[in-house]
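User: I have a structure to read and some terms to sort out. Can you take me through them?

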Amino acid sequence: MSLPGLDLSAPVETVVTPTVHELKEQTEWRFEVAYGTKVEVRLLSGTAELFGTELPIKQSYTFTGTKAAIYTWHGCRIEVVGDCQVDYIAEETPMMIYANLHFALENLRDRANSEGIDGPRVLIVGSENAGKTSLVKVLTAYATKVGRQPVVVNLDTKEGMLSIPGTLSATTFTSVIDVENGWGSSPMNGPSQVPVKLPLVYYIGLANPEERTLIYKPVVTRLALSVMNRLQDDGEAKETGVIIDTPGIISQGKGGYEMIQHIVSEFSVSAVVVLGSERLYSDMLRRFNGQKTGTGETIAVVKVDKSGGCVDRDEAYLQQFRQFQIREYFFGDANTTLSPHTQQIDFHQLTIYKLAEPIDDLLKSLMPGDVTEDSTSAIFDKVRPSPQMQNAILTIVNAHPEDTQENIRDASVMGFIYVADVDEKKNKLKVLAPVGGRLPNKAIIWGSWPEGISDLM
Amino acid sequence: MSVGLPSDEVAEDYKNSLEDLTINSRYEISNLTVIAKENTEHAMAISRVLENHIKNTPPDRKLPALYVLDSVVKNVGTPYTLFLGRNLYTIFMNAYSLVNNQVRRKLDEMLKTWKEPVPGSLDPRPVFPLETIRPIENALIKARTAAIQAQQQQQSRAQQEAMARTRPMATPNPQWRNTPTPPQARGPYYPPPQQMYGPQHVPNGNYQAQPQYPPTATYPVPPQPTATIYHPPYPQPQVYSQPQQPPNSSDPIHQDVEKLISAARSEFSSNVNDDSLRIRLQALLALQGALKSQTLTPQEFQAARNEVARLFAEVYGTSRPVASAPPRTPIPPTYVPPQQVPQQQRPAQVPTPQNPDIQSLLSSRNLADIIAKAQQAPATPPISLLPFSQPQPAPQNSSIPSLSANLGDMLASLKSKGILSGASITPVNGSHGYAPPPAAIQTPPTVPGGFPRPALVNDVEVISASLKRPRINLVSTLYESRPNQCSTCGRRFLATAEGKERKARHLDWHFRTNQRLADSAKRGQNRSWYVDELEWIRSRDNPEDVPLTDASSDAARAALAASYAAADPKNKHIPVPSDPALANQPCPICQEKFDMVWNDEVQDFVWMDAMKIGNRVYHASCHSEVKKEGGTTPLRISTPDSVLGKRKAVGDYNTGNAKAVKA
C-alpha cells in the first residue's frame with residue numbers, strides 16, 4: 001500500500017550525465033541498445049541522420065532494442081544519455097555509395113517524369129544481416145526527403161514492415177520515417193506524432209519463403225499486382241518507383257535465385273542492387289545483366305558495399321524483435337499506448353484455416369511425375385480451435401470464410417488476433433483483437449510464423 | 001576509386017561536372033577539387049578539360065571555373081600546376097578580358113595569391129612560379145595604366161556633377177550603382193572604371209573595407225604614361241583609347257596627388273596588411289576627391305597644396321619650392337618600382353593585421369605622422385619621374401581629426417569639415433557590400449558566395465563504378481538546397497514559395513496532431529484494421545500535405561466548417577464508434593450497416609454519411625430526408641432525451657465536425 005507522495009519504493013532517480021560525441025563529417029556513430037534499456041539521443045549541432053532520416057536539432061529520441069547508426073554528412077555533436085551495449089564512431093561507411101545510388105535513382109525518376117514512364121523498380125538483395133533493410137530505409141528516406149513518394153515493398157517474412165513478421169507489405173512513403181521505431185506505425189484510430197503509414201499487407205505465415213513457394217510466389221505476384229495498380233493510379237508513386245526489400249535467404253542459392261527471378265519479373269525490376277556479396281553479384285550479373293524488363297528497359301545490376309556496421313543479429317535478439325513487433329501491433333510503442341480488446345468468441349464463429357504441412361520429399365517422390373504440388377495438395381486445412389492454438393497469432397484476411405483456398409491465400413490482411421485462451425469445454429476462445437466490436441466475418445489463417453508469444457497478456 | 005577508368009572517361013565526367021558549375025558554389029568547387037585530387041593520374045586530361053572549359057564557358061561562368069583551377073592548384077598542386085601553368089597566361093588573360101570589373105577584381109585577388117605560397121603549406125614556393133605570373137601581371141599593369149589615363153581624362157570632364165550623382169547611391173550594394181550616370185556608365189557592374197583602377201575617391205573605400213584588394217593594390221600603377229595596350233578585350237575600349245590629359249590643368253596639385261596615390265598604392269599593394277599605408281592612401285584619395293569636387297575654399301586649397309608638396313617631397317625625395325610652406329625634412333623616401341611588387345618593403349612596414357590597429361595609427365591624427373610612421377624604414381632610392389612643383393595642403397591634416405577605424409567615419413568627418421563632399425562616402429558604403437574573401441584564406445574561391453543551389457550536376461548512373469565516385473556536392477540537394485527545416489521532425493522544405501506553403505501545412509499538421517494527441521489521451525486508442533487492396537491503391541496517404549481547404553486561415557476554415565456542416569449529408573462522417581454494440585448497429589432508419597472508410601483528414605476510420613444523435617448513429621442522408629419530411633424532430637427517436645440529446649448531438653457534431661475539418 002503506497003500513499004501518494006510517500007512511495008518510498010520508487011527507484012531513486014540516478015543522475016545520468018550525458019555523453020557528447022563529436023562526429024567529423026562523413027562519419028557515423030554506431031550504437032546498440034538492448035531491449036529493456038533506453039538510450040536518449042539528441043543532436044546538439046550540425047546535421048545527423050539515422051538511416052537517411054534527418055534528426056532535427058535538440059529533438060530528443062529514445063531508442064530501445066535498436067542496432068543503428070547515426071551518420072553525419074557535415075559533422076555534428078550528439079548528446080547521448082543512457083547505456084549502449086556497444087557504441088563507437090566509425091569513419092568508413094558506404095554512405096557515399098548509398099547516396100550516389102539515391103542520386104542515380106533520382107536521375108531515373110526525373111527521366112521517368114519527363115518521359116511518362118515508370119520510375120525505377122529497385123530490388124535490394126544480399127545475405128542475411130548485410131544491411132538490406134537499412135539501405136532500403138536510406139533510399140526511402142532520401143526519396144521522401146526530396147519530395148518523392150516511393151512505394152516500399154517488404155518481401156522479408158522474418159521481419160515485418162509496418163506489420164508483424166510473417167507478412168509481406170507495400171507502403172507508399174510520403175512522410176518522414178519514424179526514427180525511433182523501425183518504419184513507423186500503421187494507422188490507429190488516434191493521432192500519431194510521426195505520420196502513420198498505410199501498408200497493404202499479405203500474410204505468408206512462414207519464416208522461410210522457400211519452404212512453401214506455393215504460398216510465397218503467388219502472394220508476391222498478388223502484391224506486385226497491387227503495387228503496379230498503385231503506380232498506374234498514383235502519378236507521384238509511378239514517377240518515384242518501387243524499392244523492394246528481400247529476405248536474405250533467397251540470396252543464398254539456386255532455389256532462392258528462382259525466387260529472385262520471380263520477383264524481378266513480377267515487379268518488372270529495373271535495377272538489382274547487390275549488397276556486399278561478390279558471388280551473388282556475379283550470379284546476378286549472369287542472370288540479369290542486359291536482360292530487358294517487361295517494358296523494355298534494360299535491367300541494371302550493381303553492387304554496393306556492405307556497411308562495416310552491419311552486425312549479426314542473434315536468434316535471441318531476432319525473437320525479441322519479432323515479439324516486439326507483435327506487441328507493438330496490439331499495444332503500440334513507447335509513444336502511443338493502444339488498447340486492444342479482448343473478447344470471448346464461440347468456436348463456430350470463426351473459420352480458421354491452418355497452413356497445410358508441406359508435402360515432404362518422400363511423399364512427393366511417391367507421386368506420379370506430372371503431379372505437381374500445385375494441383376494436388378491443399379494450401380490450407382480447415383481446423384477447429386484446439387489448445388495448440390493458444391498464444392498463436394491468427395490472421396484475418398479480406399476474404400469470405402468460404403472462399404476458395406487460393407483466394408484466401410491471396411487476400412490482403414485485415415488484421416491479427418491473438419489467442420489468449422482456448423476453452424474446449426465451453427467451446428470458447430478468448431482473443432485479443434486490435435479493434436473492438438465483433439470480429440469481421442472473414443477467413444482466418446493460422447500460420448506457423450511468427451511463433452506464438454506466451455506473455456502478450 | 002576510378003583507377004581503372006581511362007582518362008577520356010574521367011575527363012568527360014569532369015567536363016560534365018564543370019559544365020554544371022554555373023555559380024560560385026563552394027561545394028561544387030571543392031568536389032571538383034576532390035575529383036581532381038583523386039584522379040591525379042589523369043591530371044593532364046583534367047587540366048586540358050578545365051582549360052578548355054575556362055576558355056569556352058560564358059563570361060559569367062568564368063569566375064567559378066577559374067576558382068576551380070585555383071582550388072585545384074592550391075589544394076592538389078604539382079601535376080596540375082605544371083599542366084595548368086603552361087597556358088596560364090592565355091587562360092587568365094582570355095578570361096580577364098571578357099569579364100566585368102567586379103569579376104576582374106576577384107581575378108586580381110586570385111592572381112595575387114598565386115604569387116605566394118599556399119597558406120598553411122610548408123612549401124615556401126609560390127603557387128605558380130613567378131615566371132608564369134609575371135607576364136600576366138605585366139599585361140595587367142599595362143592595361144591598367146591605360147585605364148588610368150583614360151579615366152583621368154574622363155575624370156576631368158566628369159567633375160562635380162558626376163560626383164553629385166553618385167551621392168544618392170550610398171548603398172551597400174555595389175550593383176545599385178549601376179545607375180548609368182553618364183560619366184560613369186562604363187562597366188556593367190562597377191560602372192566607373194576609375195573606381196576600379198583610378199586614383200580617385202572610390203578605391204579608398206575598398207582599401208578600408210578590404211585591405212587585400214589586389215586589383216588596385218597588387219599591381220603598382222606605373223606613373224609613367226604608357227601607350228595604350230590591351231584595350232581591345234576591355235569592354236570599354238573607348239576609355240583606354242583616349243589620350244591622357246591632366247585631370248585639372250588649372251593646378252598641378254592634381255597630378256601630384258595622382259602620383260602620390262600611385263606610389264602609395266603600389267606600396268600598399270606590396271603590403272596590403274599595412275594599415276598605415278592604407279590610411280595614407282585613403283587620405284590621399286579623400287584629398288583627391290575633395291580637390292576634384294572643388295569644394296575647398298581657397299585657404300583649404302592652399303593648405304592642401306602645401307601638404308601635397310610636402311608629401312611629395314617625402315615620397316619622391318624631391319620637392320619644389322612651395323610658396324606657402326617650405327618642404328619638410330625629407331624622410332627616407334620610399335618608392336616602389338612600378339613594375340614589380342617590392343618585397344623589400346615589407347619589413348619596413350608594420351604588418352598590422354586589421355582594423356584594431358588602425359585606431360592607433362590614426363590616433364596620430366596627422367597624415368604626415370602616419371606617413372612618417374609608415375616610412376621610417378629604408379626604401380628604394382627615390383625615382384623622380386617628373387618634376388613637381390607643388391604646394392602643400394594643410395587642411396588635409398587638420399581635417400582628419402579623429403579617424404575612427406572606419407573609413408566611413410573618416411570621410412564623414414571630412415565631410416563635416418566641409419572638405420569632402422558626400423559623394424566620397426558613396427563608394428565607401430558601396431564597396432562594403434563586396435566583401436570578397438581575404439586573400440589569406442587558403443582557397444578564396446571556395447568561400448565567397450558558396451551557397452549551394454539545387455542546380456547541381458547529377459551524373460550518377462546505376463553502374464557500380466559511377467556509384468563509387470564521391471559526389472559530396474550532390475548531398476546538398478538533401479540538405480542545403482532545402483534550408484527550411486521543421487524543427488519537430490526534421491523534414492526539410494525548399495526555400496521557394498511552394499516550399500513555404502508546404503511547410504506551413506506541415507506545421508499545421510503537427511499542430512493539429514498535438515491537439516488531437518491531447519484529446520486522445522482521454523479516449524483509448526487502438527490499431528485500425530489494415531486497408532484492403534482497392535483502398536490502398538486509391539489512397540494518397542499524406543495527411544500533412546493534403547490541403548484541407550484552399551484557404552489557410554483559421555477564419556476561412558471555420559467558415560468552411562460551417563458550410564461543411566450544411567453541405568451534402570453524404571460528406572458527413574463520424575469516427576467509427578468504439579463501443580462494439582453501437583459499432584454493429586445499423587442505421588435505425590434504413591436498417592443498413594455503415595460503410596467504414598479510412599479518412600486521411602482525421603486519420604481514423606470513419607463512417608461516411610453518418611451522424612450521431614443521442615446515442616444512436618444515423619445515416620446523415622436518411623436523417624436529413626426524414627427531417628425534411630417530418631420537421632425538426634427526427635422520427636423514431638426512441639430515447640426519451642431526444643430533444644436534449646439532439647441538441648447535444650448537434651453541438652457534438654458541430655464540434656466534432658470542426659475538429660474533423662481542422663484535423
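Analyst: Start with the interface. Chain A and chain B bury about 6,500 Å² between them, 56% of it on carbon and sulfur atoms. Buried area is the accessible area (1.4 Å probe) that two parts lose on being put together, summed over both. A:Asn189, A:Pro191 and A:Leu198 supply 12% of the area that chain A buries against chain B, more than any other three residues. This is a predicted model: local features need pLDDT of at least 70, side-chain atom pairs count only at pLDDT 80 or more, and totals for chains, interfaces and linings use all residues. Side-chain values use heavy atoms, without hydrogens and water.

User: What makes B:Arg492 and A:Glu54 a salt bridge?

Analyst: The rule asks for a side-chain nitrogen of Lys or Arg within 4 Å of a carboxyl oxygen of Asp or Glu. The N to O distance here is 2.5 Å, so the pair meets the rule. The count between the two chains is two salt bridges.

User: Why is A:Lys132 called buried?

Analyst: Buried means under 20% relative accessible area, exposed over 50%, and partly exposed in between (1.4 Å probe, protein chains only). A:Lys132 has 6% relative accessibility, so this residue counts as buried.

User: Is A:Ser134 buried, partly exposed or exposed, and why?

Analyst: A:Ser134 has a relative accessible area of 24%, so this residue is partly exposed.

User: Which residues does UniProt list for "binding site"?

Analyst: The unreviewed UniProt entry includes A:Lys132 and A:Ser134 among them. Such annotations may be inferred rather than shown by experiment.

Methods
Residues are numbered from 1 along each chain as its sequence is written. Chains are lettered from A and ligands numbered from 1 in the order in which they are written.
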